[in-house]
Number of protein chains: 2
Amino acid sequence: MTGSRAISAAFGADLHLEIQGPGLRAGLMEALREAVRTGRLAPGTRLPSSRALAADLGVARNTVADAYAELVAEGWLTARQGSGTRVARRAAAPARRAQAVEPLPWQRGRPRTGGPLRTLHPGTPDLASFPRAEWLKAARRALTDAPHEAFGYTDPRGRPELRTALAEYLARSRGVRADPERIVVCSGFAQGILLLAAVLRARRVREVAVESYGLDVHWRALTAAGLRTPALPLDGLGTRTEALTGDGGLRPGAVLITPAHQFPLGGALAPDRRAALVDWARASGGLVLEDDYDGEFRYDRQPVGALQGLDPEHVVYLGTVSKSLAPGLRLGWMVPPRHLVGEVLAAKGEVEWASSALDQLTLAEFVASGAYDRHVRGMRLRYRRRRDQLVAALAERAPGVRVTGIAAGLHAVLELPPGSERAVLRAAALQGLALQGLDAFRHPDAPPGRDALVVGYATPTDSAWPGALDALCRVLP
Amino acid sequence: MTGSRAISAAFGADLHLEIQGPGLRAGLMEALREAVRTGRLAPGTRLPSSRALAADLGVARNTVADAYAELVAEGWLTARQGSGTRVARRAAAPARRAQAVEPLPWQRGRPRTGGPLRTLHPGTPDLASFPRAEWLKAARRALTDAPHEAFGYTDPRGRPELRTALAEYLARSRGVRADPERIVVCSGFAQGILLLAAVLRARRVREVAVESYGLDVHWRALTAAGLRTPALPLDGLGTRTEALTGDGGLRPGAVLITPAHQFPLGGALAPDRRAALVDWARASGGLVLEDDYDGEFRYDRQPVGALQGLDPEHVVYLGTVSKSLAPGLRLGWMVPPRHLVGEVLAAKGEVEWASSALDQLTLAEFVASGAYDRHVRGMRLRYRRRRDQLVAALAERAPGVRVTGIAAGLHAVLELPPGSERAVLRAAALQGLALQGLDAFRHPDAPPGRDALVVGYATPTDSAWPGALDALCRVLP
């Protein structure tokens, strides 16, 4: 079928698809990509059913269905129950191809929202559960009560209403020792790590130790600021914080770590290692940067309190609403040691880089009114149910796959037979299921590890979840 | 009266004020500052009336009134009609004194919101006029209509709904040649300039020419990125853009300029100079960075369209809601040349530095529904009325002061007799009126210029405006 043909019937208009190369599916995919790129298939256009297009092209229906699924996974198309397959709204227009289609560095390892419906990438909560009505209620109260000055250039620490609400919440729910005066509101965790990188550089710190597994976007934020990021070694119990005090040669000025729930492996840092970390910070004058990204979500036992509570003068606590509410709010916070507040504000203030005052006031109202607690409790139940469904489905349909890291958080690690990670990822892509392997989170310093998947079970909407779970089970060995 | 005394009656509780030094007013001010610092006067505490405290201390009432007014101007106290004088909510608590009381670099030259009520600093709109009800209405519609993916990690260009609404609005109201694909939403102008600084540095640009008068926070953002910022010379007609093409030795890779309304002098760039700027950019491959900070506000003639309309491939258009709605929203936009979009996104994307998706969707709704146009029209009338009141008051009470730069914008330049700028500023401070002289905006390269004030007539609330205007007239020669 190499060659080209106009497929007018299925599209209701002439569409010339040039299908070339050895594989039918690959050829069809490239032809559709090209039609989107050149604008011949406009964003929002509904595609013919796979049956109709297959008939029109004279190919097997599965070939078209597979091509559609993979293009959905790539973000070119979207597929929604009841509205068929359409060209994604954000698919690249011709001149912007380079920047719109290539994922930006920070998008690597993240599902493209608006792209594939069947994604089990970790890192995103169930966006369909955003509490719209409650949030609007809080926004109304916030807008009504706000003093005029709230609409002006804001305090670089963030709105006092939000800092007051957070101080109470963080003390109660995470054991953070905070007072409103030392909380700094950030535009998500990302701004926090950038500000800290600037502060550390100004203090002539050269190295920030990180974990053997994590998000490379965080490591890159540090290296972009001129900091080296050697990895702490890992053993069966998790990150070996003792390496800091031994003769291992690591002499960092700070350590970036996820003590409550290692990302992505899922364990809590053992008590003796927590102690070792704080001891190291005290003895060396170093700083612990505590990334408490999903500390609200723990299912099987008492929450692991924030490390910061052990020593607020040596630990910078970093939190965010990206997992508990929505990443789109771009709201997070930092609780630095008292002596560091001025330096953090100097780094923040010079660029006048603040978060929206209205969102800050709304979140303050949302937290202070108890709506945040209620939302987190509700989501904890939902995610726990999903986790249980994942574990049950795997036990039944993929009994050889061991699940770990499930006591907390929004993702699980699925241990695969040695050597099978890449094959499973390939099979998933063919099914239009976006999955990530553990290796995508491995630090360059760390030796290749187990074959495993990092499955974000919070990401799909409720309607997409059963299909995603089923697709997952089908590609597992 | 050097010494100390407890003034229990006036405060309704014991308050020990240690009043020392030669001047009564200065001594009282320092004693009050110290009481706030140490927490003995808590934020929100209502101070005794100046009459009562004066009686209690045995000093003239004006001494107390002057001390109060100056502390209001400094941000330690607030004074509101009907609720008396109180300790400012954000007044520094003891341990945070250093960072909370010293203005941060970007706060220099800006009134502290929440601080003095009588401020005529330029750069802030009337915050009391923020359209709360209309904004909430737009937020409700935005929250109802938002697709789930809007709550996720967003497109680094910003929400498509907002870019679509802005493209239409900017074309219509400012003559900007934009399409949604090339608009990049920014967290205010500040993020725009930082992103452009990063892009220019990556392109090995070393110099960005700026105007002889402007905001030093913008110049510092560029120099912090490693760029030199020589100033373009100035003559009676405004910024001499011809200097770029002459033998003056200026060979910048870009020019940052306010063509529609020079900040702070207030003129529009003359047509031949606009043409010269674009010619320079085309011939040299340089970039014009067009800061259109208050282009919506022009009173006496047709708006000056955006320079970007002349040559979208050599001009980066930068706009913001900071003057038209509120700085607290932290929303702005950039329309770069098509070939630059990818580089801007690379600079933006790596740090995952995005604006709140909900505010973006709300602004999109606000613009698309026509509420933004209505608000701007209403504010234009209000500000025009203020400007006319300013001009009338000066004509009557300070006829020797010439007013310039009043055809547009939210501020005016008041020309003072040579050598009098500092004395006027000192007199204003003593009256508790926050004013800024023209010299505060002068580039280090520029020779000392005229003595003048830059008066932001949009800043006071309606209730504070008559008092501010009166205080201004009283300190003018």
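1. In what order do the six strands of the open sheet in chain A stand? The order is β5-β12-β11-β10-β9-β6, with mixed pairing. β5 (184–186) and β6 (208–209) of chain A are the edge strands; each has a single partner strand, so one side of each lacks a neighbour in the sheet. Strands here are DSSP runs of E with at least two residues, helices are runs of H or I with at least four, and both are numbered from the N terminus. Two strands pair if DSSP finds at least two bridges between them.

2. This is a predicted model, in which local features need pLDDT of at least 70 and side-chain atom pairs count only at pLDDT 80 or more, while totals for chains, interfaces and linings use all residues; side-chain values use heavy atoms, with hydrogens and water left out. Residues are numbered from 1 along each chain as its sequence is written, and chains are lettered from A and ligands numbered from 1 in the order in which they are written.

3. On confidence: pLDDT is the predictor's confidence in each residue, from 0 to 100. Chain A has a mean pLDDT of 85, with 86% of its residues at 70 or more. Over residues 1–10 of chain A pLDDT stays under 50, and the model has 36 contacts beyond four places in sequence for them. Residues 91–116 of chain A also stay under 50, with 67 such contacts. Contact means heavy atoms within 4.5 Å. The model scores ipTM 0.76 and pTM 0.78.

4. Chain A as a whole has 15 helices and 16 strands. Of its 477 residues, 60% count as buried; buried means under 20% relative accessible area, exposed over 50%, and partly exposed in between (1.4 Å probe, protein chains only). Among contacts in chain A between residues at least 6 apart in sequence, 71% join residues at least 24 apart.

5. A:A209 stands opposite A:V255 of β9(A).

6. The loop between β9 and α10 of chain A holds A:P264. The peptide bond from A:F263 to A:P264 is cis, with omega near 5°. In chain B, a cis bond joins B:F263 and B:P264, with omega about 5°. Most peptide bonds are trans.

7. Helix α10 (residues 271–284) of chain A has 14 residues and spans 20 Å from first C-alpha to last, close to the 20 Å expected. That expectation is 1.5 Å times one less than the number of residues. Its buried residues include A:L277 and A:W280, and their cover includes β9 (254–257) and β10 (287–291) of chain A. A:G285 follows the helix and has a positive phi, near 75°.

8. A:R204 has a positive phi of about 65°, and B:R330 has one near 50°. A:R204 is in the loop between α8 (188–202) and β6 of chain A, whereas B:R330 is in the loop between β11 (315–320) and β12 (332–335) of chain B. Is each buried or exposed? A:R204 is exposed, at 71% relative accessible area; B:R330 is buried, at 5%.
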